[in-house]
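Have the model open and follow along.

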Amino acid sequence: MNNKLTAKERVHLARVKELPCSVCDAEGPSEAHHIKQGLQYTAVALCVECHRSSFSGWHGQKRAWAIRKMDELDALNVTIRRMLG
């Protein structure tokens, strides 16, 4: 697999990172969480808390996600809607 980003992928990820969090709506900048590593267009805009927190985040106990009854596809839908909006 080629890990080098194309210019379009870099632009896309930069735009994702400008968005508010797709789970809790925290103001950006956000982090780009990849649903599948290496697929840049599956990146979801997440705040640090919803992304990496050991309690609330996707890479933790996912409590923020559970409260909102969301999964990665729900968050990707929010990210795409905001980018097209």
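Start at S22, which sits in the loop between α1 and β1; helices (H or I, at least four residues) and strands (E, at least two) are DSSP runs numbered from the N terminus. Before going further, note that this is a predicted model, where local features need pLDDT of at least 70, side-chain atom pairs count only at pLDDT 80 or more, and totals for chains, interfaces and linings use all residues. Residues are numbered from 1 along each chain as its sequence is written, and side-chain values use heavy atoms, with hydrogens and water left out.

So is S22 buried or exposed? With a relative accessible area of 3%, S22 is buried (buried means under 20% relative accessible area, exposed over 50%, partly exposed in between, with a 1.4 Å probe and protein chains only). Its side chain makes a polar contact with the side chain of T79, at 2.6 Å. Such a contact is a pair of N or O atoms within 3.5 Å; within protein, one must be able to donate a hydrogen and the other to accept it, and residues adjacent in sequence count only if both atoms are side-chain atoms. Setting aside residues up to four places away in sequence, S22 touches V44, A45, M70, A75, V78, T79 and R82, where contact means heavy atoms within 4.5 Å.

R82 also turns up in a salt bridge, pairing its side chain with that of D25 (2.3 Å, N to O). The rule here asks for a side-chain nitrogen of Lys or Arg within 4 Å of a carboxyl oxygen of Asp or Glu, and by it the count comes to 2 salt bridges. E31 and R52 form a salt bridge as well (2.5 Å, N to O), linking strand β1 to helix α2 across 21 residues of chain. Here E31 counts as buried at 18%, while R52 is partly exposed at 49%.

Now back up to α1, residues 7-18. Its 12 residues reach 17 Å from first C-alpha to last, close to the 16 Å expected at 1.5 Å a residue (that is, 1.5 Å times one less than the number of residues). E9, H12, L13 and V16 are buried in α1. Viewed down the axis, these buried residues fall within an arc of 95°, so they line one face of the helix; the arc is that of the directions from the helix axis to the C-beta atoms. The buried residues of α1 pack against β1 (31-34), β2 (43-46) and α4 (72-84), while the face turned away carries the exposed V11 and E18.

What about the nonpolar interior? A nonpolar core is a set of buried Ala, Val, Leu, Ile, Met, Phe, Trp, Tyr and Cys residues joined through side-chain atoms within 4.5 Å. Of the 13 residues in the largest one, C21, V23, L46, C50, W65, M70 and A75 touch the most other members. β2, α3 and α4 each supply at least two residues of this core, and its largest share, 3 residues, comes from α4. Apart from it lies another core, of 7 residues, among them V16, L19, A43 and A45.
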